[in-house]
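Good morning, and thank you for coming. Today I shall present one structure and describe how its parts are arranged.

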Amino acid sequence: MTQKTEHIYQAPLQGFTDFTYRNAFHEVYGGISKYFIPYLSYGKGKEIKKSLFKEILPENNKALPVIPQVLFSDATELFELVSILIDNGYKEINLNLGCPYPMVTNKGRGAAWLEKPALLNETLGELFAKGFPSKFSVKMRAGMTNDQDAQAVFAVLNQFPLEEIIFHPRTAKQMYTGKADPSLFVEALPQVKHPLVYNGDLFSVSYLQELKALLPNQHNWMTGRGLLIDPSLALRLNGIEVDEKMRKQKKKEFHDQLFEQYSERLQGSGHLLARMNQFWTYFSESFENPHKAMKLVKKSSSVLKYNAAVVEIFRSF
Ligand SMILES: Cc1cc2nc3c(=O)[nH]c(=O)nc-3n(C[C@H](O)[C@H](O)[C@H](O)COP(=O)(O)O)c2cc1C
């Protein structure tokens, strides 16, 4: 086993990396330095959805190195959400300046901040003036529609004592299409005085090697969808060999643990099957025939049929 040299962070993925997922992941695989909790934010009428609130409860994250995240449209929302997290014992909080969905950015949240550097400066000034007993980090994209937006934002972020900046070099407009552009990250390095974490399209060991050729001193990486597809990725990125047989065994163990825990947590087979369907949208891509695997899962109309489908997938695909 080689020495662990890379720090791998699990990206927050709303609807996927919930606390059940994170706990099962940690038990079966591990290899993650920080698990980022999908964002906490206000819904309609200043309500926080129960499901989002459960994510941050300490009892749901007992053995995990977790970092919670807030998605906010103004200073008031930011301070309130931060206070909730501090009341729940968190000592480091991530600020979401990257969520690209129009439903979010139209409310001035997420990536919308990338076009408001002056307001961001004012808001962060107030945040740090309050002296909250917490560290703060940022997760951001390169811009809303222009991948040069980040430059003015970096100049603002340099004014504050941030823990680190996770940089996903795509614009919000790109959503998840095209490729994250590592050259934007290379350009960012001399502009940013905080440690930078690379995020975007890290799906394989060979891509890590390509990135390392460009970024030889980079050791902090965040990966999201790559881990959803094959959770052994974090171990492999650190040079730990996981052969085909072992990968399959681990995947089955992980699946079974998730299934068991969701069965205990969710009410009714409809919810359970919907949740497992969601899980398989990425997980199926680690099988030789993702399309067939997904088709079998989708057409399982009962838990009995689902269990038979899973046996078939692990045996044949
Ligand atoms: C379904 C989905 C949900 C996401 N939820 C969040 C979120 O709650 N907070 C956040 O900062 N980013 C969120 N992201 C973005 C990811 O954290 C990550 O930045 C992005 O997927 C790029 O990394 P990857 O290429 O390794 O997946 C989400 C992405 C997806 C696809």
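This is a predicted model: local features need pLDDT of at least 70, side-chain atom pairs count only at pLDDT 80 or more; totals for chains, interfaces and linings use all residues.

The C-alpha centres of domain 1 and domain 2 lie 28 Å apart. Domain 1 covers residues 7-237 of the protein chain, and domain 2 covers residues 244-316.

Let us consider where the two domains meet. Here, 14 residues of domain 1 are in contact with 14 residues of domain 2. On the domain 1 side, helix H1 (19-28) and helix H9 (225-229) each supply at least two of the touching residues. H1 gives the most to that side, with five residues. Sorted by class, the side of domain 1 that touches domain 2 has eight nonpolar, three polar and three charged residues.

I turn now to helix H11, which comprises residues 244-265. This helix has 22 residues and reaches 31 Å from its first C-alpha to its last, close to the 32 Å expected at 1.5 Å a residue.

Which residues of H11 are buried? They are Lys 251, Phe 254, His 255 and Leu 258. These residues cover an arc of only 100° around the axis, and therefore they lie on the same side of H11. As a general point, an α-helix has 3.6 residues a turn, so residues three or four places apart point the same way.

What do the buried residues of H11 pack against? Their partners are H1, helix H12 (269-283) and helix H14 (303-316). The face of H11 turned away from its buried side, by contrast, carries the exposed residues Lys 245, Met 246, Glu 260 and Glu 264.

How values were computed
Residues are numbered from 1 along each chain as its sequence is written. Domain bounds come from an automatic or database domain assignment. Two residues are in contact if their C-beta atoms, placed from the backbone, lie within 7 Å. Helices (H or I, at least four residues) and strands (E, at least two) are DSSP runs, numbered from the N terminus. Ala, Val, Leu, Ile, Met, Phe, Trp, Tyr, Cys and Pro count as nonpolar, Asp, Glu, Lys and Arg as charged, and the others, Gly among them, as polar. The expected span of a helix is 1.5 Å times one less than its number of residues. A residue is buried if 20 or more other C-beta atoms lie within 10 Å of its own, exposed if 12 or fewer, and partly exposed in between; C-beta atoms are placed from the backbone. The arc is that of the directions from the helix axis to the C-beta atoms.
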